[in-house]
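Hi,

Here is the structure for you to look through. My notes follow below.

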Amino acid sequence: METITPQHFLILASLLFAIGFLGVIIRRNILIVLMSLELMLNGINVALVAFSRAGANLDGSIFVFFIMTVAASEVAVGLALLVALYKKRKSIFSEDLNLLGN
Amino acid sequence: MNLVDLLFLVFATLSVGGGLLMVFSRHPVSAALFMIVSLVGVAALFVLLEAFFLAILQVLVYAGAVMVLFLFIIMLLDVGPQGGKASRVKILSAIVGLILVGSLFCLMLQIGQGTEVDGSTEPFDWPELTEDATANGNNLTFSPSAKSFGFGLLAKYMLPLQVSGFLLLAAMVGVIILSKKTPHQPDQEES
(Lines give C-alpha, C1' and ligand atoms only; values in the text may rest on other atoms or scores of the structure.)
Protein backbone atom coordinates (compact mmCIF):
# COMPACT_ATOMS: atom_id res chain seq x y z
CA MET A 1 0.00 0.00 0.00
CA GLU A 2 2.47 2.62 -1.02
CA THR A 3 1.06 4.57 -3.90
CA ILE A 4 -2.62 3.94 -3.53
CA THR A 5 -4.25 6.73 -1.58
CA PRO A 6 -7.77 6.91 -0.16
CA GLN A 7 -8.64 9.17 -3.09
CA HIS A 8 -8.33 6.23 -5.47
CA PHE A 9 -10.83 4.34 -3.39
CA LEU A 10 -13.12 7.37 -3.24
CA ILE A 11 -13.06 7.78 -7.02
CA LEU A 12 -13.90 4.10 -7.35
CA ALA A 13 -16.69 4.44 -4.81
CA SER A 14 -18.21 7.41 -6.62
CA LEU A 15 -17.97 5.52 -9.91
CA LEU A 16 -19.85 2.57 -8.41
CA PHE A 17 -22.46 4.91 -6.96
CA ALA A 18 -22.87 6.71 -10.31
CA ILE A 19 -23.26 3.44 -12.22
CA GLY A 20 -25.90 2.25 -9.77
CA PHE A 21 -27.70 5.58 -10.08
CA LEU A 22 -27.62 5.25 -13.87
CA GLY A 23 -29.20 1.81 -13.58
CA VAL A 24 -31.92 3.12 -11.28
CA ILE A 25 -32.73 5.89 -13.75
CA ILE A 26 -32.63 4.20 -17.15
CA ARG A 27 -33.71 0.62 -16.50
CA ARG A 28 -37.38 -0.28 -16.38
CA ASN A 29 -37.08 -3.84 -15.18
CA ILE A 30 -37.66 -3.53 -11.43
CA LEU A 31 -35.37 -6.51 -10.71
CA ILE A 32 -32.45 -4.68 -12.28
CA VAL A 33 -33.43 -1.46 -10.51
CA LEU A 34 -33.15 -3.36 -7.21
CA MET A 35 -29.73 -4.71 -8.23
CA SER A 36 -28.58 -1.18 -9.08
CA LEU A 37 -29.67 -0.06 -5.62
CA GLU A 38 -27.40 -2.76 -4.22
CA LEU A 39 -24.57 -1.42 -6.36
CA MET A 40 -25.10 2.09 -4.96
CA LEU A 41 -24.95 0.72 -1.42
CA ASN A 42 -21.73 -1.09 -2.33
CA GLY A 43 -20.16 2.15 -3.47
CA ILE A 44 -21.01 3.68 -0.10
CA ASN A 45 -19.49 0.64 1.63
CA VAL A 46 -16.20 1.01 -0.26
CA ALA A 47 -15.97 4.68 0.73
CA LEU A 48 -16.75 3.89 4.37
CA VAL A 49 -14.16 1.13 4.64
CA ALA A 50 -11.53 3.31 2.94
CA PHE A 51 -12.16 6.15 5.37
CA SER A 52 -12.17 3.72 8.27
CA ARG A 53 -8.82 2.27 7.23
CA ALA A 54 -7.24 5.64 6.50
CA GLY A 55 -8.43 7.20 9.72
CA ALA A 56 -7.58 4.13 11.83
CA ASN A 57 -11.06 4.01 13.29
CA LEU A 58 -13.19 0.90 13.47
CA ASP A 59 -16.55 2.69 13.59
CA GLY A 60 -16.84 2.99 9.81
CA SER A 61 -16.33 -0.74 9.32
CA ILE A 62 -18.99 -1.50 11.91
CA PHE A 63 -21.34 0.85 10.10
CA VAL A 64 -20.75 -1.14 6.91
CA PHE A 65 -21.98 -4.19 8.79
CA PHE A 66 -25.25 -2.42 9.59
CA ILE A 67 -25.60 -1.21 6.00
CA MET A 68 -25.29 -4.82 4.84
CA THR A 69 -28.01 -5.88 7.29
CA VAL A 70 -30.38 -3.18 6.10
CA ALA A 71 -29.62 -3.93 2.44
CA ALA A 72 -30.34 -7.64 2.90
CA SER A 73 -33.70 -7.00 4.55
CA GLU A 74 -34.53 -4.35 1.94
CA VAL A 75 -33.88 -6.81 -0.87
CA ALA A 76 -36.01 -9.49 0.79
CA VAL A 77 -38.98 -7.16 1.25
CA GLY A 78 -38.55 -5.65 -2.21
CA LEU A 79 -38.53 -9.02 -3.94
CA ALA A 80 -41.60 -10.14 -1.98
CA LEU A 81 -43.39 -6.98 -3.10
CA LEU A 82 -42.27 -7.68 -6.66
CA VAL A 83 -43.71 -11.20 -6.55
CA ALA A 84 -47.00 -9.88 -5.16
CA LEU A 85 -47.04 -7.28 -7.93
CA TYR A 86 -46.35 -9.89 -10.59
CA LYS A 87 -49.28 -11.97 -9.36
CA LYS A 88 -51.56 -8.97 -9.82
CA ARG A 89 -50.21 -7.32 -12.98
CA LYS A 90 -48.28 -10.10 -14.77
CA SER A 91 -45.45 -7.67 -15.45
CA ILE A 92 -42.35 -6.40 -13.69
CA PHE A 93 -41.72 -3.39 -15.92
CA SER A 94 -42.15 -0.07 -14.28
CA GLU A 95 -44.07 1.47 -17.17
CA ASP A 96 -46.90 -1.00 -16.57
CA LEU A 97 -47.40 0.18 -13.01
CA ASN A 98 -49.49 3.19 -13.81
CA LEU A 99 -52.67 2.54 -11.84
CA LEU A 100 -53.26 3.18 -8.18
CA GLY A 101 -56.49 1.26 -7.71
CA ASN A 102 -57.93 -1.68 -9.57
CA MET B 1 3.88 -0.01 -10.11
CA ASN B 2 4.01 -2.67 -7.46
CA LEU B 3 1.81 -5.66 -6.91
CA VAL B 4 -0.78 -3.92 -4.72
CA ASP B 5 -1.36 -1.22 -7.34
CA LEU B 6 -1.82 -3.86 -10.00
CA LEU B 7 -4.27 -5.77 -7.81
CA PHE B 8 -6.18 -2.56 -7.07
CA LEU B 9 -6.47 -1.84 -10.79
CA VAL B 10 -7.60 -5.37 -11.57
CA PHE B 11 -10.27 -5.48 -8.90
CA ALA B 12 -11.45 -1.93 -9.52
CA THR B 13 -11.88 -2.79 -13.20
CA LEU B 14 -13.69 -5.97 -12.20
CA SER B 15 -16.17 -4.20 -9.97
CA VAL B 16 -16.81 -1.21 -12.22
CA GLY B 17 -16.98 -3.33 -15.39
CA GLY B 18 -19.30 -5.82 -13.74
CA GLY B 19 -21.54 -2.98 -12.64
CA LEU B 20 -21.63 -1.44 -16.12
CA LEU B 21 -22.38 -4.76 -17.78
CA MET B 22 -25.09 -5.37 -15.17
CA VAL B 23 -26.77 -2.07 -15.96
CA PHE B 24 -26.65 -2.57 -19.73
CA SER B 25 -27.41 -6.28 -20.04
CA ARG B 26 -30.72 -7.26 -21.55
CA HIS B 27 -31.38 -10.54 -19.80
CA PRO B 28 -32.00 -10.43 -16.01
CA VAL B 29 -30.05 -13.67 -15.39
CA SER B 30 -26.90 -12.32 -17.01
CA ALA B 31 -27.43 -9.07 -15.11
CA ALA B 32 -27.46 -11.04 -11.85
CA LEU B 33 -24.29 -12.91 -12.81
CA PHE B 34 -22.47 -9.66 -13.68
CA MET B 35 -23.65 -8.28 -10.35
CA ILE B 36 -21.99 -11.23 -8.62
CA VAL B 37 -18.73 -10.42 -10.44
CA SER B 38 -18.98 -6.82 -9.27
CA LEU B 39 -19.68 -7.83 -5.66
CA VAL B 40 -16.72 -10.22 -5.58
CA GLY B 41 -14.54 -7.40 -6.92
CA VAL B 42 -15.70 -5.18 -4.07
CA ALA B 43 -14.94 -8.00 -1.62
CA ALA B 44 -11.38 -8.19 -3.01
CA LEU B 45 -11.06 -4.43 -2.50
CA PHE B 46 -12.05 -4.94 1.12
CA VAL B 47 -9.22 -7.47 1.38
CA LEU B 48 -6.85 -4.84 -0.06
CA LEU B 49 -8.05 -2.45 2.65
CA GLU B 50 -7.36 -5.21 5.20
CA ALA B 51 -10.97 -5.49 6.31
CA PHE B 52 -10.97 -9.28 6.07
CA PHE B 53 -14.10 -9.86 8.10
CA LEU B 54 -16.11 -7.50 5.90
CA ALA B 55 -14.76 -9.20 2.78
CA ILE B 56 -15.95 -12.58 3.99
CA LEU B 57 -19.28 -11.05 4.98
CA GLN B 58 -19.61 -9.45 1.55
CA VAL B 59 -19.08 -12.76 -0.23
CA LEU B 60 -21.38 -14.67 2.13
CA VAL B 61 -24.22 -12.16 2.40
CA TYR B 62 -24.21 -10.44 -0.98
CA ALA B 63 -22.77 -12.90 -3.47
CA GLY B 64 -24.17 -15.85 -1.52
CA ALA B 65 -27.55 -14.97 -0.09
CA VAL B 66 -28.83 -11.85 -1.81
CA MET B 67 -27.89 -12.75 -5.36
CA VAL B 68 -29.17 -16.31 -4.96
CA LEU B 69 -32.45 -14.76 -3.83
CA PHE B 70 -32.41 -12.57 -6.94
CA LEU B 71 -31.76 -15.55 -9.24
CA PHE B 72 -34.47 -17.53 -7.48
CA ILE B 73 -37.01 -14.75 -8.03
CA ILE B 74 -35.94 -14.33 -11.69
CA MET B 75 -36.50 -18.03 -12.30
CA LEU B 76 -39.77 -18.00 -10.32
CA LEU B 77 -41.20 -15.13 -12.35
CA ASP B 78 -39.76 -16.50 -15.61
CA VAL B 79 -38.99 -13.13 -17.16
CA GLY B 80 -37.19 -13.10 -20.46
CA PRO B 81 -35.08 -10.36 -22.01
CA GLN B 82 -36.59 -6.92 -22.20
CA GLY B 83 -38.35 -5.99 -25.43
CA GLY B 84 -35.96 -4.54 -27.96
CA LYS B 85 -38.13 -1.77 -29.37
CA ALA B 86 -36.24 1.50 -29.14
CA SER B 87 -38.94 4.04 -28.53
CA ARG B 88 -38.36 7.77 -28.36
CA VAL B 89 -39.05 7.82 -24.61
CA LYS B 90 -36.43 5.14 -24.06
CA ILE B 91 -33.71 7.04 -25.94
CA LEU B 92 -34.64 10.28 -24.20
CA SER B 93 -34.50 8.63 -20.79
CA ALA B 94 -31.10 7.14 -21.61
CA ILE B 95 -29.71 10.53 -22.66
CA VAL B 96 -31.13 12.31 -19.61
CA GLY B 97 -29.83 9.55 -17.33
CA LEU B 98 -26.34 9.72 -18.82
CA ILE B 99 -26.23 13.52 -18.44
CA LEU B 100 -27.45 13.31 -14.83
CA VAL B 101 -24.98 10.61 -13.87
CA GLY B 102 -22.10 12.34 -15.64
CA SER B 103 -22.78 15.58 -13.81
CA LEU B 104 -23.13 13.71 -10.51
CA PHE B 105 -19.76 12.02 -11.04
CA CYS B 106 -18.11 15.30 -12.05
CA LEU B 107 -19.53 16.94 -8.93
CA MET B 108 -18.14 14.20 -6.73
CA LEU B 109 -14.72 14.50 -8.40
CA GLN B 110 -14.83 18.28 -7.97
CA ILE B 111 -15.48 17.91 -4.27
CA GLY B 112 -12.71 15.35 -3.91
CA GLN B 113 -10.19 17.37 -5.91
CA GLY B 114 -7.45 19.19 -4.05
CA THR B 115 -8.56 18.10 -0.62
CA GLU B 116 -5.74 15.98 0.69
CA VAL B 117 -6.73 13.72 3.52
CA ASP B 118 -4.50 15.26 6.16
CA GLY B 119 -4.00 18.66 4.55
CA SER B 120 -0.48 17.95 3.26
CA THR B 121 0.82 17.25 -0.21
CA GLU B 122 3.22 14.56 0.93
CA PRO B 123 2.48 11.02 -0.16
CA PHE B 124 -0.14 9.52 2.06
CA ASP B 125 0.98 6.67 4.29
CA TRP B 126 -1.62 4.34 5.66
CA PRO B 127 -1.72 4.10 9.46
CA GLU B 128 -0.21 1.09 11.16
CA LEU B 129 -2.56 -1.72 12.01
CA THR B 130 -3.16 -2.52 15.65
CA GLU B 131 -3.91 -6.01 16.82
CA ASP B 132 -6.18 -4.93 19.65
CA ALA B 133 -8.89 -2.45 18.74
CA THR B 134 -9.53 -1.47 22.35
CA ALA B 135 -6.09 0.01 22.87
CA ASN B 136 -7.38 3.47 23.77
CA GLY B 137 -10.64 2.98 25.58
CA ASN B 138 -13.90 3.56 23.79
CA ASN B 139 -12.28 4.92 20.60
CA LEU B 140 -11.94 1.72 18.63
CA THR B 141 -8.95 1.70 16.30
CA PHE B 142 -8.99 -0.15 13.00
CA SER B 143 -7.72 -3.71 13.24
CA PRO B 144 -8.16 -6.63 10.85
CA SER B 145 -8.99 -9.22 13.48
CA ALA B 146 -12.54 -10.44 13.84
CA LYS B 147 -12.18 -10.35 17.61
CA SER B 148 -12.00 -6.57 17.75
CA PHE B 149 -14.89 -6.35 15.33
CA GLY B 150 -16.99 -8.52 17.61
CA PHE B 151 -15.95 -6.45 20.61
CA GLY B 152 -17.05 -3.29 18.85
CA LEU B 153 -20.37 -4.82 17.90
CA LEU B 154 -21.17 -6.26 21.29
CA ALA B 155 -19.83 -3.49 23.52
CA LYS B 156 -20.03 -0.10 21.87
CA TYR B 157 -22.75 -0.85 19.34
CA MET B 158 -24.97 -3.15 21.39
CA LEU B 159 -28.19 -1.23 20.85
CA PRO B 160 -27.80 -0.88 17.03
CA LEU B 161 -27.03 -4.59 16.87
CA GLN B 162 -30.27 -5.41 18.67
CA VAL B 163 -32.18 -2.99 16.47
CA SER B 164 -30.78 -4.55 13.30
CA GLY B 165 -31.70 -8.00 14.57
CA PHE B 166 -35.21 -6.77 15.20
CA LEU B 167 -35.23 -5.24 11.70
CA LEU B 168 -34.35 -8.63 10.21
CA LEU B 169 -37.17 -10.23 12.21
CA ALA B 170 -39.61 -7.57 11.02
CA ALA B 171 -38.48 -8.05 7.42
CA MET B 172 -38.98 -11.81 7.73
CA VAL B 173 -42.49 -11.44 9.14
CA GLY B 174 -43.32 -8.85 6.48
CA VAL B 175 -42.12 -11.09 3.66
CA ILE B 176 -44.15 -14.02 4.99
CA ILE B 177 -47.28 -11.88 5.20
CA LEU B 178 -46.70 -10.38 1.74
CA SER B 179 -46.21 -13.70 0.02
CA LYS B 180 -48.88 -15.63 1.90
CA LYS B 181 -51.65 -16.86 -0.32
CA THR B 182 -54.83 -15.27 0.97
CA PRO B 183 -58.08 -17.17 0.37
CA HIS B 184 -60.10 -15.25 -2.15
CA GLN B 185 -63.06 -13.61 -0.48
CA PRO B 186 -65.40 -11.12 -2.16
CA ASP B 187 -65.47 -7.94 -0.12
CA GLN B 188 -69.00 -6.59 -0.17
CA GLU B 189 -68.37 -3.28 1.50
CA GLU B 190 -65.84 -2.20 -1.10
CA SER B 191 -67.63 -2.97 -4.34
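B:Leu161 sits in helix 6 of chain B, residues 158-179. (Helices are DSSP runs of H or I with at least four residues, numbered from the N terminus.) B:Leu161 is partly exposed, because 17 other C-beta atoms lie within 10 Å. The cut-offs are these: 20 or more such atoms within 10 Å means buried, 12 or fewer means exposed, and in between is partly exposed, with C-beta atoms placed from the backbone. Beyond its neighbours within four places in sequence, B:Leu161 is in contact with B:Leu153 and B:Leu154. (Contact means C-beta atoms, placed from the backbone, within 7 Å.) B:Thr141 is 20 residues from B:Leu161 in sequence and 19 Å away in space, C-alpha to C-alpha.

A word on the source: this is a predicted model, where local features need pLDDT of at least 70, side-chain atom pairs need 80 or more, and totals for chains, interfaces and linings use all residues. Residues are numbered from 1 along each chain as its sequence is written, while chains are lettered from A and ligands numbered from 1 in the order written.

Now chain A. Helix 1 of chain A covers residues 6-26. Its 21 residues span 30 Å from first C-alpha to last, close to the 30 Å expected. (Expected span is 1.5 Å times one less than the number of residues.) Of those 21 residues, 16 are buried, so helix 1 of chain A is largely enclosed by the rest of the structure.

Best wishes

Key: Helix = DSSP H or I, 4+ residues; strand = E, 2+ residues; numbered from the N terminus. Contact = placed C-beta atoms within 7 Å.
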